[in-house]
Amino acid sequence: MRGAWRQRELWAHLGWQDIKQRYRRSVIGPLWITISMGTTALALGLLYSQLFDQKLGTFLPYVTAGFIIWNFILGVVTEGTGVFIDNEGLIKHLPSPITVHVLRMVWRQVLFFAHNLVVYFVVLIIYFPALTQPYKMEGDIVQHPGVSWSALMAIPGFALVVINAVWVALLFGIISTRFRDIPPVIHSFINLIFFMTPIVWHVGILNKVTDGDGGWRVLIAELNPLYHFVEIVRAPLLGQTQDWHHWVVVGAFTVVGWALAMIAMRNYRARVSYWV
Amino acid sequence: MVSIDVWNASVDFPIFDAKSRSLKKLALGKVGGKIGSEGRVPIIEALHDINISLRHGDRVGLVGHNGAGKSTLLRLLAGIYEPTRGSSRIVGKVAPVFDLGVGMDPEISGYENIMIRGLFLGMGRKEMEKRVDDIAEFTELGDYLSMPLRTYSTGMRVRLALGVVTSINPEILLLDEGIGAVDAAFLEKARDRLNDLVKRSGILVFASHSDDFLVELCNTAIWMDEGQVKMQGSLREVVTSYKGRDPYEFLSAETLERIGQPRVLSGNGGE
């Protein structure tokens, strides 16, 4: 781990290179990332705001922010499972800490996230009047105070998500290198998880069904760890009220996940070059 | 002090075929109980009981048939594989030149590849920027350095890779065969630089099938056979028993003088 930190110039450079690489011969370059995110968020926002009878002014930003965060999580999880398999050549030919490959991948995803964040700012500007005053989304019980400087809370939130991304990639990467069934399993379930996580739908909807307290239905969201990860970044970005229990859940995942990743690293780090 | 020590080291590769690499088989294997060796993963012993001790100034040639374990040994010495049994201790900055296609991106320019390779070998960005000119001069690639790497010939790639590793002052230099693609003139230049490097600071281990390269670069040799060290000694002795003939026999007097070897092996009784 420490070795990887010392080589931070390496993975920072490589991650940046990966992005430049992807757009080497294209005209508008990295803007493609932003454009594709923008169109997807727009289409999903328009469709689901009608389906769930939501006000576009608050729902479109909601979908946009959620989808940007989801894209980061999706990238980390799917690329994390292949992080060592894809770098087989480098692992077998150049001695460097295997954490380098993980950090390169996470850094690349952070850069993608930064590109996508442009879409959030565009949407924020367009719907600024609707978002800056207190509002309620359809089905909500409490009122949201609206976007203010508290949006900066998204920064520590995202930092925590990134810290989690590293252990996820380390742990899943090691396991997937040994057991090649894991990547396809994860790839096939990740779509399901997308629809189960409140991204294109809103948790308040669960209350609306029963016209009040959603009862057991709330568990659909609460039992999904990814909901909490999305929420600690999304709620501040949209000026929504945020329950502290999201932070507790994410904090617990951080501690347990890192402990598992450390155990895996200690026991199997040296085996990765044999398995790839 | 630069050193490489390897004690009783073995490297075993588990060979997972598509089936045994799955969780299902592992789970079923446990439930099923005594399947014994049938359910186990087959293992290839790539290296077996290796004992090597190298010190400052050693220039070692690795000889042996294909599949004898030369490349695996180099990777063990590079710290890429940790021994599955036994132990190894490598002190010093390692610079390997193995597969020339790896760690180089064909789409980006030579300059950028120099930077990435240098970073991988533990250099900082600023340190590499200082060395770029030196590398450009040594490799003689000139304007080609700003072209994408895919336009390079094999020999040009070798030049680039050698240029990087020799410029960063490594203490342990590990070369696999494949650097044979460069032309004679460049080889001479590279030889001087490599010799200089070894004299200054370290150890060279070089796997090759070419007598000429070995004679130029190495003074001792290790003969690998079936994953074991079959013979270890001076280059002349080892290569003579490996090939069945003296590699120095047909060299020109000039070359012999340069590398300081008599034409005839002492005690061999003449030609």
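**Entry 1: where the chains meet**

I started with the contact between the two chains: 38 residues of chain B touch 31 residues of chain A, contact meaning heavy atoms within 4.5 Å. I noted that this is a predicted model, where local features need pLDDT of at least 70, side-chain atom pairs count only at pLDDT 80 or more, and totals for chains, interfaces and linings use all residues. For the bookkeeping, residues are numbered from 1 along each chain as its sequence is written, chains are lettered from A and ligands numbered from 1 in the order in which they are written, and side-chain values use heavy atoms, with hydrogens and water left out.

Next I looked up the buried area. The size of an interface is often given as the accessible area lost when the parts come together. Between chain B and chain A I found about 3100 Å², with carbon and sulfur atoms giving 60% of it. Buried area here is the accessible area (1.4 Å probe) that two parts lose on being put together, summed over both.

B:E82 makes it with A:R269, and the closest N and O atoms are 3.0 Å apart. I traced both ends: B:E82 sits in the loop between α2 and β4 (85–91) of chain B, while A:R269 sits in the loop between α13 (245–268) and α14 (272–275) of chain A. Helices (H or I, at least four residues) and strands (E, at least two) are DSSP runs, numbered from the N terminus. Over all chains the structure holds 11 salt bridges.

Which elements of chain B give two or more residues to the side that touches chain A? I listed β1 (3–14), α1 (23–32), α2 (70–78) and α3 (110–120) of chain B. Of these, α3(B) gives the most, with 6 residues.

**Entry 2: the sheet of 3 strands**

In chain B I found an open sheet of 3 strands in the order β2-β1-β4, with antiparallel pairing; two strands pair if DSSP finds at least two bridges between them. β2 and β4 of chain B are at the edges with a single partner strand each, so one side of each has no neighbour in the sheet. 9 bridges join β1(B) to β2(B), and B:A9 stands opposite B:I50 in β2(B).

I also checked B:D49, which is in strand β2 (residues 43–55) of chain B. Its phi is positive, about 50°, although B:D49 is not a glycine.

**Entry 3: the sheet of 6 strands**

Another open sheet of chain B has 6 strands, ordered β5-β6-β7-β3-β8-β9, with mixed pairing. Why is one side of β5 (94–97) and of β9 (228–234) of chain B left without a neighbour? Both stand at the edges, each with a single partner strand. Strands β3 (residues 59–63) and β7 (residues 203–207) of chain B pair in the parallel sense over 4 bridges, with B:G61 opposite B:F206 in β7(B).

Methods. Salt bridge = Lys/Arg side-chain N within 4 Å of Asp/Glu carboxyl O.
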